[in-house]
Amino acid sequence: MGKNPVRIVIYKKYLYRKEDKTMEEKSFIYLDHAATTAARPEVVEAMLPYFTENFGNPSSVYTFSQKNKAVVTECREKIADSLNAKSNEIYFTAGGTESDNWALKAAAEAYASKGNHIITTKIEHHAILHTAKYLESKGFEVTYLDVDENGVVKLDQLRQAIRPETILISVMFANNEIGTIQPIKEIGEIAKKHGILFHTDAVQAYGQIPIDVDECHIDMLSASGHKLNGPKGIGFLYIRTGLKLRNFVHGGAQERSRRAGTENVTGIVGFAKAVEIAFCTMEERSQKECMMRDYLIDRILAEIPYARLNGHRTKRLPNNVNISFQFIEGESLLIMLDMAGICASSGSACTSGSLDPSHVLLAIGLPHEIAHGSLRMTIGDENTMEEMDYVIEQIKEIVTKLRAMSPLYEDFMKHS
Amino acid sequence: MYSEKVMDHFTNPRNVGEIENASGVGTVGNAKCGDIMRIYFDIDENQVIKDVKFKTFGCGAAVATSSMATELVKGKTIYEALTVTNKAVMEALDGLPPVKVHCSLLAEEAIHAALWDYCEKNDIKIEGLEKPKNDISEDEEEEEY
């Protein structure tokens, strides 16, 4: 047996079981990188020894385990550098959702004596929105800021929302559905000027665009490993030095006692490797992704009538395309794309399990029926221009087919 | 997520289209909830549904239930068609995920709405057949659930 017994599955190929129980290889076009990404082979390779030979608990005293302690420290430094933060400001968690929960709940609790008012936005991820709702049930007051038609937070409204009892502002760095990048630096300046804590959910932005916590006056920042070709189950919360947050998970002395529990060493190693690669390749990747993004957007809008781009045209993540097609419904579109070998997502109600379409699309002012017909495609650097051409052709065919059976389209054509 | 039958009726929907000068047309659902079904009937002098077409805006389940509903009522008398329930449509499709059951209700309502339209035009009264409440022309704001 070789040193590395686990075969790394080639990216973009997957195995699936058919009814006859045979395994078949099938390739597909993955355009859902905002949902999750595959760990890079280098990431998996870096992680492997920590499952087996380097299994030591970093808290143990003997040399064998102390090596892992050093490794975790090294990873923490690498990640801190990527944000212009200090390594003792990075606290590993199980992912973005945990980080968001921690930031909001701990800040609310720690500053409750100062005030009970929190400001966030209508387009946050549910990890923020549902935590905010929970805090409301505990007596906190929450203002949910509107966004403009491009999904950008209105700074005037933010300034007006601030009260003497405001203790926390939480605004996402970039939106997961429509890709709009927020004026984080301006928001950070406003927060700082008023002496209010500023948290940002950077799960989608981290590794995609440069982030400097000092320049943007960020006090807390959430990030996740699996959005940047790292492993799932690992994330971090950046907490600025001096913030008096209480411990989130009680137990041992890990993560400076703030988030106890034996470190996820394999996850941390994989995360740090993914971060290293993401930041080394950011410029090149971003250029490539922007080119594919703009090509998709331009061709779809030019070649398919009654389609609109959701989110800001330029202040947008390099990998995000979100388009609404009038008269059709998103889930139908996704199933047909799936049958054409294309993985994407939608903001339609049918994909969320409720009757309401995405809260983000409603917040930018889309009527329900147009929000139901949205398609999100999020690009990765392994995608190619040939794939974009194929995807565009498929979308054109599917949209035509679905419109042909849409009573809304029939009525529209009769009345126009 | 969906049964093979649902996928079959979604990818190859039967009876898609319109009927000009249809004997009865019914449109139910609303765009706000993301589901609209329209069913057209061509009914002969013996009150038999000779032809049926549909158009649907909605998810995979909505398209599949419309397709199956049209298959189930084709060739039936208007009285027989009235007995086609959402349960029958669901069973014929080998079931639906729980969150999609409302789609099958919509199919039943669409059949009833088209039958109502036919009965209105021909001055026929059928016991149990009520004016469709879910028609999109009625009240855009009405939530289905």
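**Terms and their grounds**

Author: Strand E7 (residues 166-170) of chain A is largely enclosed by the rest of the structure, because five of its five residues are buried. Buried means under 20% relative accessible area, exposed over 50%, and partly exposed in between (1.4 Å probe, protein chains only). Strands (E, at least two residues) and helices (H or I, at least four) are DSSP runs, numbered from the N terminus. This is a predicted model, in which local features need pLDDT of at least 70 and side-chain atom pairs count only at pLDDT 80 or more. Residues are numbered from 1 along each chain as its sequence is written.

Reader: What joins E7(A) to strand E8 (residues 197-201) of chain A?

Author: Three bridges join E7(A) to E8(A), and the two run parallel; strands pair if DSSP finds at least two bridges between them. Ser170(A) stands opposite His199(A) in E8(A).

Reader: Why is the contact of Arg159(A) and Asp156(A) called a salt bridge?

Author: A salt bridge is a side-chain nitrogen of Lys or Arg within 4 Å of a carboxyl oxygen of Asp or Glu. The side chains of Arg159(A) and Asp156(A) meet at 2.9 Å, N to O, and therefore form a salt bridge.

Reader: Why is Asp156(A) counted as exposed?

Author: Asp156(A) has 51% relative accessibility, so it counts as exposed. Arg159(A), at 43%, is partly exposed.

Reader: What makes Arg293(A) buried?

Author: Arg293(A) has a relative accessible area of 5%, so it is buried.

Conventions:
Chains are lettered from A and ligands numbered from 1 in the order in which they are written. Side-chain values use heavy atoms; hydrogens and water are left out.
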